[in-house]
Amino acid sequence: MKHLPTIKIYDTLSAQLVDLIPVKEGEIKIYLCGPTVYNLLHIGNARPIIIFDAFRRFLEYIGYKVTLVQNFTDIDDKIIEQAKKEKIPFEEVGKRYIIEYWRDMTALKARAFNFHPKTTNYVEEIISYIKELEEKGYAYKAENGDVYFEVGKFLRYGELSHRKIEDLKVGIRVEVSEYKKNPLDFALWKSSKEGEPFWESPWGKGRPGWHIECSVMSSEILGDTFDIHAGGNDLIFPHHENERAQAIAKSGKDFAKYWMHNGMIRMAQDKMSKSLGNVWYLRDLLKKFDSDVLKIFILSKHYRIPIDISEELLHNQEVSVNRVKESLNEAEAFFNNKVPYPKEMYYLKEQEEYLISNLSNDFDTPSVVARIFELSRDLNKALNSRDEETIKNNYYIIRNIYGSVLGVFETNEQIQKNNVELNQLMEIILNVRSVLRNEKLYNLSDYIRDNLSKIGIEIKDTPESTKWS
């Protein structure tokens with residue numbers, strides 16, 4: 001196997017910089033907590049998407065096989081409230097905002113992740129998971145019909161957030177209920193109230209709790225133990241603490257080996273929040289600013305620190321991004337729109353080593369962004385002096401190395417190339433389904449359709465053809 005460079009990341013669990021040693025050599029599996037689909041993505045939702053899209057690109061660039069999962073929470077109190085407000089089925093709310101998610105992802109020019117599972121496609125697996133926790137003594141049914149995880153039975157609770165159970169208090173993010181044995185116990189299964197959606201279960205009609213869904217979907221897709229669990233640092237407690245507790249209690253294994261958390265985005269020093277009414281929707285920002293402006297703005301700050309955002313700061317970033325684009329466009333015009341491949345391999349190697357060295361050091365994207373601006377300035381000087389080799393070198397490095405890894409300054413050809421493999425794979429799958437349907441093997445055909453649906457790929461059979469989205 002090819003020698004892969006040592007990567008250091010900050011691990012929330014151990015609270016230190018550690019070497020990333022994969023569970024399986026040459027492969028890295030990542031689970032990134034996704035949105036609750038009751039509204040449009042805001043810039044805070046976009047930050048982890050931008051960061052981990054780039055992190056995956058980097059890992060793939062240096063030779064790892066990467067599996068990146070981001071879920072859709074499509075059953076939740078907020079979704080139910082939205083459905084009631086609009087007087088529509090809760091499923092329609094989820095479907096609508098998943099479609100809007102993909103529109104925003106396309107406008108952001110972010111690659112789809114490998115899997116995008118929906119909670120409602122995993123209810124059967126969630127029920128089985130809870131039953132096993134109950135059998136092992138970690139779960140109990142309360143008088144109100146809810147099923148709770150008993151935190152006091154899990155002695156390692158608090159390890160991720162570095163808190164002692166006795167110091168933890170019920171707060172904004174911990175649900176209060178008189179039916180709990182301990183205020184910190186959390187719902188695995190919620191009994192349905194009148195007029196709410198429900199599934200049949202051993203505990204009566206109800207629906208999954210918030211925390212259980214991610215433990216189930218991550219283990220179903222990535223296995224009981226995988227490499228990295230990621231998300232915003234506001235999820236460390238209680239969401240990720242609870243995920244980890246129930247997963248280890250159920251399997252007896254380590255669950256995620258490492259935990260990576262990005263900082264929040266703030267407006268005037270306040271955390272961006274729908275409840276505070278200070279949310280900037282990604283779609284609105286993309287009407288004002290190019291996707292590269294938003295990506296460079298995010299990646300020019302270290303992923304773990306909070307970011308202050310304002311229109312003024314984005315406009316300042318826009319100026320520097322436009323300079324890079326202008327220099328790239330001028331280089332293309334200089335060579336009649338087809339810039340030749342550079343010859344000075346030692347220079348490309350030097351710049352590649354800089355990229356790998358910095359991104360291997362806790363994903364230090366600010367250093368790489370700064371180098372892009374330096375290379376752009378050198379490219380401008382080379383254009384003025386008509387230095388062809390320097391033009392070719394710096395153009396190639398910005399477009400095909402730094403830009404390609406960070407997901408910025410890409411050409412339309414590069415973006416389309418990223419989707420070629422998926423299109424080819426889906427063509428093969430649809431051909432297989434067509435043969436199965438012609439042979440009247442509908443069970444197998446439906447099995448393929450249903451399992452594709454679990455990872456976010458919808459199949460529609462029409463009289464004319466089969467389509468996918």
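**Reading helices and a sheet**

Mentor: Start with helix α10, residues 345-359. This helix has 15 residues and reaches 21 Å from its first C-alpha to its last, close to the 21 Å expected at 1.5 Å a residue. Keep in mind that this is a predicted model.

Trainee: Which residues of α10 are buried?

Mentor: Tyr347, Leu348, Gln351, Glu352, Leu355, Ile356, Asn358 and Leu359.

Trainee: What do the buried residues of α10 pack against?

Mentor: Three helices: α1 (43-61), α11 (365-385) and α12 (388-406).

Trainee: How are two packed helices described?

Mentor: By the angle between their axes and the distance between the axes. Take α10 and α12. Their axes come within 11 Å and cross at roughly 25°. Angles under 35 degrees count as roughly parallel. Therefore α10 and α12 are roughly parallel to each other. Their crossing is right-handed.

Trainee: Which residues of α10 and α12 meet?

Mentor: From α10, Tyr347, Leu348, Gln351, Tyr354, Leu355 and Leu359. From α12, Asn393, Asn394, Tyr396, Ile397, Ile401, Tyr402, Val405 and Leu406.

Trainee: Now the pair α9 and α11. At what angle do they pack?

Mentor: Helix α9 covers residues 311-334, and its angle with α11 is about 40°. The axes are 10 Å apart. That makes α9 and α11 oblique to each other. Here the crossing is left-handed. The contact on the α9 side is made by Gln317, Ser320, Val321, Arg323, Val324, Ser327, Leu328, Glu330, Ala331 and Phe334. On the α11 side it involves Ile372, Phe373, Ser376, Leu379, Asn380 and Leu383.

Trainee: Let's turn to the sheet. What is the order of its four strands?

Mentor: The order is β5-β6-β7-β8, in an open sheet with antiparallel pairing.

Trainee: Why is one side of β5 and of β8 left without a neighbour in the sheet?

Mentor: Because β5 (139-141) and β8 (206-208) stand at the edges, and each has a single partner strand. From one strand to the next, the twist averages 25°.

Trainee: How many bridges join β7 to β8?

Mentor: Three, and the two strands run antiparallel. Strand β7 covers residues 186-191. Look at Trp189: its bridge partner in β8 is Pro208.

Trainee: Which helix packs on the sheet?

Mentor: Helix α4, residues 123-135. It touches β5, β6 (147-149), β7 and β8. The direction of α4 makes about 125° with that of β7.

How values were computed:
Residues are numbered from 1 along each chain as its sequence is written. This is a predicted model: local features need pLDDT of at least 70, side-chain atom pairs count only at pLDDT 80 or more; totals for chains, interfaces and linings use all residues. Side-chain values use heavy atoms; hydrogens and water are left out. Two strands pair if DSSP finds at least two bridges between them. Axes are lines fitted to C-alpha atoms, for helices over the stretch in contact, and angles run from 0 to 180 degrees between N-to-C directions. Contact means heavy atoms within 4.5 Å. The expected span of a helix is 1.5 Å times one less than its number of residues. Buried means under 20% relative accessible area, exposed over 50%, partly exposed in between (1.4 Å probe, protein chains only). Angles under 35 degrees count as roughly parallel, over 145 as roughly antiparallel, 65 to 115 as roughly perpendicular and the rest as oblique. A crossing is left-handed if the near helix is turned anticlockwise from the far one by less than a right angle, and right-handed if clockwise.
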